[in-house]
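Before reading the paragraphs below, please look over the sequence and the coordinates together.

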Amino acid sequence: MRTVHLRVEGHHLLDAGAPFTAKGARAARPRYWLGAGGAGRGKCSCGQLSEVLDGPDQRREWHRTHKADVTGQTTVPHEQGTS
Ligand SMILES: [Zn+2]
């Protein structure tokens with residue numbers, strides 16, 4: 001799967017896409033053996049929570065969209081300083 005990592009200051013996905021509750025806490029009884037797996041909300045370091053998603057892949061995808069939203073970008077930005 002091709003994944004583009006867009007680094008945005010102040011916005012990073014907490015705990016590698018681990019599930020959080022609606023209150024923004026790590027989901028109760030974290031299943032360490034599943035890593036960041038399990039259903040729950042993704043959480044950005046800015047405090048933004050996603051909808052309840054099935055797993056970390058979906059939460060990473062949500063966060064990618066979130067970063068695009070906060071930067072106003074709908075596509076991968078071009079390298080700066082070329083024009
Ligand atoms: Zn954010």
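A residue is called buried if 20 or more other C-beta atoms lie within 10 Å of its own, exposed if 12 or fewer do, and partly exposed in between, the C-beta atoms being placed from the backbone. With this in hand one can turn to Lys-67, a residue of helix α1, which has 19 other C-beta atoms within 10 Å and is therefore partly exposed. In sequence Lys-67 and His-11 are 56 residues apart, yet from C-alpha to C-alpha the separation in space is 7.0 Å.

The model is a predicted one, and its confidence deserves a word before any further detail is taken from it. The mean pLDDT of the protein is 82, and 71% of the residues reach a score of at least 70. Where pLDDT is low, the predicted coordinates should not be read in detail. Within the elements, the mean is lowest for helix α1, residues 56-71, at 94, and highest for strand β2, residues 49-53, at 96.

What order do the elements follow from the N terminus on? They run β-β-α, the protein having 1 helix and 2 strands. The two strands, β1 and β2, pair in the antiparallel sense, over 3 bridges. Of the residues involved, Gly-40 has Leu-53 in β2 as its bridge partner, while Lys-43 stands opposite Leu-49 in β2. Together β1 and β2 form a hairpin in which 5 residues lie between the strands, and in this turn Gly-47 has a positive phi of about 105 degrees. In a regular strand the side chains alternate between the two faces of the sheet.

Two figures describe the chain as a whole. Of the 83 residues in the protein, buried residues make up 20%. Among the contacts in the protein with a separation of 6 or more, 38% are accounted for by residues 24 or more positions apart.

Notes
Residues are numbered from 1 along each chain as its sequence is written. This is a predicted model: local features need pLDDT of at least 70, side-chain atom pairs count only at pLDDT 80 or more; totals for chains, interfaces and linings use all residues. pLDDT is the predictor's confidence in each residue, from 0 to 100. Helices (H or I, at least four residues) and strands (E, at least two) are DSSP runs, numbered from the N terminus. Two strands pair if DSSP finds at least two bridges between them. Two residues are in contact if their C-beta atoms, placed from the backbone, lie within 7 Å.
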